[in-house]
Every structure is written in structure tokens, then in C-alpha cells.
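Keep the sequence and the 3D view open, and try each exercise before you look at its solution.

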Amino acid sequence: MTFLYPFNQKNGTPYPNQESFEGILKGEDIGQFGFNPSNLSWHGGIHFTHNNAAWLKDEQPLQAIADGVVVACRLSDKYQQSIFDTHTLNYSHDFCLLQHKVTDPNQAGVSFTFYVLYMHLAPLCEPHRIASTLPRYQLLKSRNSRFEASMEGKKTTLSKGSVIEETANESVIQDGYQFKQFLVIRSEQLHLVGKVVWLATHKEGKLKDIRSSLFFDDEYTQEEQSIPCLGLNRDSQTLFEPNIRGKKQLLKRNSKLQALSLKSVRDGDYLLRAYSILNNSYRSNEQDLDAGDTIWIATGKYESLIDIFKDYAQLYQVPHWLMTEVVGKTKVDDLSGRGDPTNIKGILKAGQQTFSLPIGTLIKYDKTQDCSLQEVNGKMRMMARCRIASTPPVKNRSGQVASVVWLCVEDEFIEPIQTRNMALNQIHCFGSNSSLAIKAGDAIGYLGQFDVASIREDAPVTTRYQVHFELLSNEQPPQFFIDMFLGKQDEENNTSYQIIEDYSKCDGFLNTDEPSEFFKQLNEVCNEEQYEIKGADIVKNLTAWDSCKYVIAKHESEWALPSSEKIFLDKLVEKLNNPKFTELIEHEKERIDNLIWIPKVSKLGIHNDVWNWWPIHKIVLSENNVFTLDMFENIYPDVATVKMKQLNDMVEELNRHYEFYKLDTLNRKYHFFAQIMQETGPDLRMEEVFVYSASALIALFSNFRKNKKLAFKHGYHRKVGIKSDGSRMTQDDYKAIANIAYGGRMNNINPNDGWKYRGRGLKQLTGTNNYTDFNQWHNDNKSQWPEDAQVSFIDTPDLLLEMKYAVRSAAYFWVKNKLYNIADRGLSKEVSFAITAVVNKNTDSYSNRFNNLNILINKKVFDEN
């Protein structure tokens, strides 16, 4: 199982390592793991707050740390309120509880189940995200809006951070832009809130004039006088009136026309022009077109609209796990519709493909009943049992109509159109066999408000925004999980995890006069040489933010018992004998009873006493020869910002396996990445591009030299992307080029193998034989990546577009061909050329690759500090 951190950096990219993530924990002095000095009590989780991660209030969500299922939650449409000293305090009792199951990679049939709690999530109410019928968006930058769908209309500025909701009105194309209407929900421009405005969401594509292929110059003889006219090159559909969806008439080839001076009219993606029929002697008897009729013909086509909305707005909606009943449509062509999955050794394997769904197919499913994580070609995917609601019906080759199929419903494949959220203001318990599946990285929610009461006269109420994050289990975490999540014991520093059980059954409050055995044990973790243990010393020793980092403890959960069973509260009241403090404790009792949840999800079987441990997983890195994000920002400065996630993933993959990849010396690193730079280019391209000119295809590929007509059919002519017939290269051309160029080579025997096994990854792995060889190498070394043991690059070659697999494919070539041995000879031109000769013997880039090497050396990219 792969673990993520519970949230990303402010810019949306993952934290590169544990140290950088834990650095933000130091920004909050309340709510650390193990011991909370603010109320002298045991604390099984950790707080993320507006003090250490303010972007979690609204900009970036907390996320699932691993694949799992939602087993319980509490959702509200308002904050809870309590009264203290005439003050009204808001607080959130909303939570989400995920269940995760981890299998022992070294022992079949052994697993460990644990839970992750996100408590005090922001409820679904203003000023947070709410469950809205129509999509909401948040502006990433200030933007001009208008009260009319026109660039000429009066404009007003909507500030960055404004929240807008799409209306049901149709979009309008005007002045070269597509405008869409939105309702302003939230904005610094208060006078706009509640108003309807228009925003330019798309820029109009260029108009392609198709008259040269539609007409030829001709003459029409009338009363012995020749009149210049236009002749039709092909049969063409015509209309009597533009923008009227009446019956179209077919005008036959060679008909003679004369252009009229009427203004052209846009009709959808087409531009219509008016013509008068001079001669229509070629018509059939069924046609209603006569000489003298005025007709409208499409003489131009607009290219696809350019989306500019995505550059300044992002979806502003509740997390997907809250959406239960979903109506959506497919976003891609040929999406696989599958049969029922099968359970093989506890893993759901997706069923066989039975249908291919076209783009735009309407589907319906219920997440609480029809969803599960299933393995598809070695990768876990979010699948749903969907009812097909499209017209016309979807059929397979046998003529069967698709009614219910399993589909991958992840964002890249399905666009939600209408959703219904689970009922609010109650606790939901879905049980251990919940089908409300969730993937690592899925959004969970945002920081909720949590006002804190105090008996201080100068600050009776403090407003905070926080989420309590906690990992818990019924059973003691086994060693394989400790090694996997927390890291193996550091023998050099003798750092080991201390197992502590509260046999004394203390109530979780540290009585400084008489510390319980549990707190004495905790204290020993921090100060083994202290002989006489005093309560004040325990507080001092456990106050540090990471004092209990190496503790795995079993203790009564703060979410289990009502206030009436927390005896220490009454003892405190009796001890202090202060009316104000008594009022405060009564206030806290009311909150405790409203916050506990374990008794209300009894069918999960979670005990009152649970195990807790440090909730931040550890990525183990060697101190020497490791890779850092700075290195790759230096190698790829042009894309360091836009491809930050890919660079982070590269760092993580290399640091996990750099010794196995034989990238453990400076020479090896420099030579390896000199080659990679040539393969990926400065934009970190991981997929082969087939935008070739016809002449280049003939020069580069023997199959095109044998059939030059195909080169001119699919390659561009003089202008990049534009073929000799004036049409633009399409995806069909790219596929054809790949299949022709690589057909019959590299064991590509099937018609589509050239495209299917095109160049991908950091090394541009190409051809069936190389994919097969890499797949075998990956399987042979599955002990390096047990979580990916079932991955198949033969069935799913696009996996190589994911960075960790892209790195592995390059490392495979490096290790298989023992290029590291050549690299060990030094950093000379001769060594660089020798490596290039193995990588691509007939390339013309020998000098370029050596130049890459010198660039890296001069920048001292990999030199140790």
C-alpha cells in the first residue's frame, strides 16, 4: 500500500519528505500527538490548524492517505453552537472515518485493519462549500465580468477568490468569445453578490475557409452570354434559411451558383454564405431546388473553442465522497464497460470488457451501493456498477444492449451532471463492508471553525479553524505495518518505537499531584534517566511537539465515553472551587457529549480503548547520494512550477530505489540524466509525438520510403500541422504514422501495435518487444515494489506516463545494459559517446547528449554540498 501525507503544500504539490511535512507541525502549539499541554491530557491525534496550514481552510483539502472505504461520517448544514458567559461559540462536530486494510507483503493471508479519523471538518454551509445543484467555481485570479454577453458591454471586476455558480442558461458566442452566465455567491465586491454576470469562458477558434475544396471556377451561359459563376466540386447540403432546423436539401455536384452579397451567418461550428442557383440540371426528381432559389451553404468551419476558463477558475464543490447518487456522462471514447468483478485472495479483480461506451454516454450509479476499488491491469481503480441511460442505446458487436455495466468513474473518465448528497445532520455508519470506496489523494474536507472558551477576562472566546487527524486500531499494529508506515528501526541511532498500554485505565487527564502509571511510562520515553517523577516534570518533558513521536499506545479514546463517565471533570471542579471554572466545565461537558461518535457506530466494533501512533508516515532516505527536488528544478527549470508533482514523484521513486537502479555515484547520475534530458526535452515530455512533415517521415522511416503517398497523406506539408490538402493533422494521422512507422518492427505484429507500444517514459520505451522485456524485468524484481506486483505494461502501456513507472522504464534499460559500468570510466566525451551508442546507435544526437552532460556538470546539479 502506498501512503500519502494528509494534505499537500499550499501550491498543491506533495511534500517531498517527512521532514518537510513535519516542519509545519511546529507552527501550532495546541493539539500535538500524545500529550496536549493545553489541557494536560492524552491526545490520540494531531491538529492541523489555521496557524500551521491556513490553506486548508478553503484553498486545498485534506486528503485520504491511502486507498480505503468511508465507514462512518457525520455531516451538518450548520455549525454547532454552545453558550458560555453570554457568548455564543461555533464549533464543528462533523467527521469522516476511513477504514484501510494493509496486507503483509512477506506473508500471505496476513493483514492489518486501521482507521483514519478527520474530525471537526467544515460543515456544508456558508462561508464554506455547500451541496449545490449546479457547479460552483472559485476564481484563481481577478477577472472582468459583464452584465451582457458581449465584449462591448459594461464591465466590472470580480476579485480573486470570488465564488460563482453556473446558471442553467445557454452560453452565447459573441465578439470572438463564448460567454456563460454565473450567479455571484461570494466576493469582495459586495455589490455583486447575488447578481448575475457573464464571463468569457472560451475563445473562439479560427475560421477555416473550405470554399477552395467546395467550388471550382465555372461559367454559365444565359441568353448566349457567358456569366462567371461557381461550380460545386461535390454534393452539398443546403438550407433555405440559416439557423432554421428545417429539412436540408442536397445540391448535386456540378450545380452552378452565384454568390450573393448577404451577410454571412454563423450556425454552430459553421459559417453559412448565401448563393443563388443558376443551374441545377443535375438534381434528382425528389429535390425541391430550382434555378433562382436562394440557398445557404457552409463555406467555413470554426476550430474547437479554446478553453480560457480553466486558466482563471477551479471547481468549488464538496468532496466527491459526499456525492452518493450520481448522474454523469462519459468524457472519453471507447470507455470499457465490464462485467462483475471477482474476488481473488481478497483483491477485487475487474470483470471482462463487454461493451465500449462512446463519449457522452449517460450513466447513473449510487456510491453507497455500487462502488468498489477494483484492480484493472494491475492498478486499483474506482469502479461503479452503472445503469446506462443513453439514447440511442449502446450495443456491442453481438447486438446486445448495455443496460448495467461496471465503469471506471474517476474524474478523467466521467463528468458528473447531477448529484445527490447523503442526508445531513446525522451520523451515517456504512459498516466494515462499506462500498463507499475512496482513493489515496481524494479530497476529504476542510478546516472547520472551533471556538474555544476560557475563563480569562481578556479573551473569553478564541476562534480557531482546525481538523483533528488521528490513526487508530483495535489491534496492536504488527511489525510489518510499523516498518511500512513508521519506518524500520534505526539501529545506528538506536531509535525504536515504545509500546505502551494503559493497564491502569486512567481517564486520560494528567493529575500533576498524582501522575498515573500511564503518564509515567510516557515520561520515560522522553527522559529515561529521571528517577523521581513529578507531575510538573512530566508536563515539561512532554510539551515538545514531537515528544511522543516514537510511542505506540493503547488508551481510552476521547471519542468513546460521555461526560458523565469522565470523573476527572468533577474532581477538577471540586478541586478549584471556582464558579467561572465550573461554568466552563459544564460548557465542555455539553460539547463532549455532542462530539463523541464511537457508541453511535457500534456495528464497526471499534473498542473504547484503541491503539494510536504517530500519524505521519515516514519515507526512508539514505543520507548520501540522494536526489532532491532542487536538483530536478535545476534540470527542468522551464517546467519546474507546472510539473512540480511529476518532479516530486521522480524524487520519491529515485530515492526509494537509487541503489537498485545503480545511480549511486556522481558519474552515474550525470551520465544517466544527460541521456534522459535528450529523450524528454526541456519540457519533461514522456510520450512520443508524431507531428512529422512528410519529408521527415520518408527520411526517418523505411516503411514510408516504401510508400511515399502515405507520408504525404498523414504528414504535414510546409506549415507545421497542416497537410498538403489544407486540412489539419488529427489523432487519426498520429495513430496512422505510428502504426506505419513501427509496423512489422520490434515484434509489432498487430495492426495497432505501433501506436499501442509507442515511445513512453523517461527513456521513450518503444515496441512490443521492449514493453514485453520491461514487463518481465518488472515482474522479476517485484520484491522492490510489492504494491505493484500485478501491474501489466503489456495490457496497460499508458502506465508509463505515470512518473514512477516512467523512471523504472529508464532504469530498466540502464541496469539491463549495464551502462553504469561505462559511466564509471569517467565524465569524458568518449564515455558519453559510448553510452549513447548503446542507447541509440544511429542517432544524430551524440554531441547533444555530451553537451547535456557538460550542462549538468557546470551547474553542479548532483555535486554534494
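This is a predicted model: local features need pLDDT of at least 70, side-chain atom pairs count only at pLDDT 80 or more; totals for chains, interfaces and linings use all residues.

Residues are numbered from 1 along each chain as its sequence is written, and side-chain values use heavy atoms, with hydrogens and water left out.

**Exercise 1. Cysteines**

Find how many disulfides the structure holds, and look up the cysteine sulfur nearest to that of Cys96.

Solution. 
- Step 1: Start with the rule: a disulfide is a pair of cysteine sulfur atoms within 2.5 Å.
- Step 2: The count comes to zero disulfides.
- Step 3: For Cys96, the nearest cysteine sulfur belongs to Cys73 and is 6.3 Å away.
- Step 4: Cys96 is also buried, at a relative accessible area of 0%. Buried means under 20% relative accessible area, exposed over 50%, and partly exposed in between, with a 1.4 Å probe and protein chains only.
- Step 5: Now try Cys506, which is in no disulfide either: the sulfur of Cys548, its nearest, is 13 Å away. Cys506 is buried, with a relative accessible area of 9%.

**Exercise 2. Helix H17**

Compare the reach of helix H17 with its expected span, then list its buried residues.

Solution. 
- Step 1: Helices are DSSP runs (H or I, at least four residues), numbered from the N terminus. H17 covers residues 768-780, which is 13 residues.
- Step 2: The expected span is 1.5 Å times one less than the number of residues. For H17 that gives 18 Å, and the helix reaches 18 Å from its first C-alpha to its last.
- Step 3: The buried residues in H17 are Thr768, Tyr771, Phe774, Asn775, Trp777 and His778.
- Step 4: An α-helix has 3.6 residues a turn, so residues three or four places apart point the same way.

**Exercise 3. The second largest cavity**

Which helix gives the most to the lining of the second largest cavity?

Solution. 
- Step 1: A cavity is a set of points on a 1 Å grid over the protein atoms alone where a 1.4 Å probe fits but cannot get out, and lining residues have an atom within 4 Å of a point.
- Step 2: This cavity holds about 90 Å³ of space, a volume being the space filled by probe spheres set on the points, which are joined across faces, edges and corners.
- Step 3: Its lining includes Phe672, Lys763 and Trp814.
- Step 4: H11 (666-680) and H18 each supply at least two lining residues, and H11 gives the most, with four.

Notes: On a 1 Å grid over the protein atoms alone, a cavity is a set of points where a 1.4 Å probe fits but cannot get out, and a pocket is an open set with protein on both sides within 12 Å along at least five of seven lines; lining residues have an atom within 4 Å of a point.
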